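I opened my notebook to keep a record of what I looked up in this structure. The entries follow the order in which I went through it.

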Amino acid sequence: MAITIVGHITRDTLVFPNLGWRIVESLGGALYTLSAIASLTSEPVRLVCNVGEDIFAQVMDFLKKFRNIDTSGVKKVDGSHFHCYIIFISEYGTQYDEGTEVPIKFPQVKQFLSDSDFVLVSPMTGFDLNLKTMRHIKELAKCPIYLDYHILALDRDPLGNRFLRRRNNWFMWCTACDHLQLNKFEAESLCLF
C-alpha cells in the first residue's frame with residue numbers, strides 16, 4: 001500500500017490581534033496532513049510538492065523524522081518559498097503573500113499514480129496545481145482520489161481580505177475526484193452567485 005499526497009507546504013506567519021497581537025510562525029499546509037497520516041500507518045506515504053531553496057533543508061530535516069515518508073516527489077525550486085502572512089481581523093482573515101509561486105505539474109505526480117492505493121490532493125496556497133493537472137490525476141490514477149476543497153473556496157480582494165467565492169469551474173473541480181472534503185463554509189461557497 002502507498003499513499004500519495006499532492007499539495008504545498010506553507011510557510012505561515014499568523015497574527016492574532018484579539019490575542020494581544022500574538023504571532024505564530026510555522027510550516028503548515030500539506031505538512032500537517034502528511035505528518036498525521038505518516039504517524040497512523042507504517043505504509044509508504046509520498047509527498048509531491050515544490051519547496052523554495054531557503055527552507056528546503058528545514059523541510060527535509062523535518063520529513064526525515066518519519067521512516068515511512070518518501071520525499072522523492074519533493075522538488076527544490078529556485079527562490080524563496082511562498083510565505084503567507086494572515087492577520088485574523090475578519091472571519092477569514094487578511095492575507096499577504098511573498099515569495100515564489102511554483103505550481104505542481106502533472107509529470108511530478110504521474111510517476112506515483114500507477115502504484116498508489118490512495119491519492120490525497122490538498123491545495124493550500126491556491127496555486128498548488130491547476131484544474132488540468134487535477135483532471136489528469138483523476139484520469140490516470142488507478143485508485144481513489146480525495147480532494148480537500150479548502151482554499152479553492154476563497155478569494156482575496158485587492159487589500160488582501162479573504163472571502164468566500166464560487167469558482168466559475170467549481171463543478172469541474174468537484175468531479176475531478178472520488179471523494180470531496182468541504183467544511184460548512186466551503187460548501188456555502190458553492191451556493192454563491
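**Entry on Pro17.** I began with the contacts of Pro17, and, leaving out residues up to four places away in sequence, I found that Pro17 touches Ile87, Phe88 and Ile89, where contact means heavy atoms within 4.5 Å. The C-alpha atoms of Pro17 and Phe88 are separated by 6.9 Å, although the two residues are 71 residues apart along the chain. Pro17 is found in the loop between strand S2 (9–16) and strand S3 (22–29); here strands (E, at least two residues) and helices (H or I, at least four) are DSSP runs, numbered from the N terminus. Pro17 counts as buried because its relative accessibility is 16%, and I noted that buried means under 20% relative accessible area, exposed over 50%, and partly exposed in between, with a 1.4 Å probe and protein chains only.

**Entry on the source.** I wrote down that this is a predicted model, in which local features need pLDDT of at least 70 and side-chain atom pairs count only at pLDDT 80 or more, while totals for chains, interfaces and linings use all residues. Residues are numbered from 1 along each chain as its sequence is written, and side-chain values use heavy atoms, with hydrogens and water left out.

**Entry on the sheet.** I looked up the strand order and found an open sheet of six strands, S5-S4-S1-S8-S9-S12, with parallel pairing; two strands pair if DSSP finds at least two bridges between them. Strand S5 (69–77) and strand S12 (179–181) stand at the edges with a single partner strand each, so one side of each has no neighbour in the sheet. From one strand to the next, the twist averages 15 degrees. Within the sheet, strand S1 (residues 3–6) and strand S4 (residues 45–52) run parallel and are joined by four bridges, and Ile5 stands opposite Leu47 in S4. Helix H4 (residues 131–140) lies across strand S8 (118–121) and strand S9 (145–148), and runs at about 155 degrees to S9; such angles run from 0 to 180 degrees between N-to-C directions, with axes fitted as lines to C-alpha atoms, for helices over the stretch in contact.

**Entry on the cores.** Which residues touch the most other members of the largest nonpolar core? Among its 50 residues they are Leu47, Leu63, Val121, Met134 and Ile137, a nonpolar core being a set of buried Ala, Val, Leu, Ile, Met, Phe, Trp, Tyr and Cys residues joined through side-chain atoms within 4.5 Å. The largest share of this core, five residues, comes from S4. A second, separate core has five residues, including Leu14, Cys84, Ile86 and Phe127. In soluble globular proteins, nonpolar side chains tend to be buried together.

**Entry on salt bridges.** My search of the whole structure finds six salt bridges, each being a side-chain nitrogen of Lys or Arg within 4 Å of a carboxyl oxygen of Asp or Glu. One of them joins Arg11 to Asp54, with the closest N and O atoms 3.2 Å apart. Arg11 lies in strand S2 and Asp54 in the loop between S4 and helix H2 (56–63), so this pair ties together parts that are 43 residues apart in sequence. Arg11 is partly exposed at 28%, and Asp54 is partly exposed at 39%. Another salt bridge is formed by the side chains of Lys138 and Asp178 (2.6 Å, N to O).
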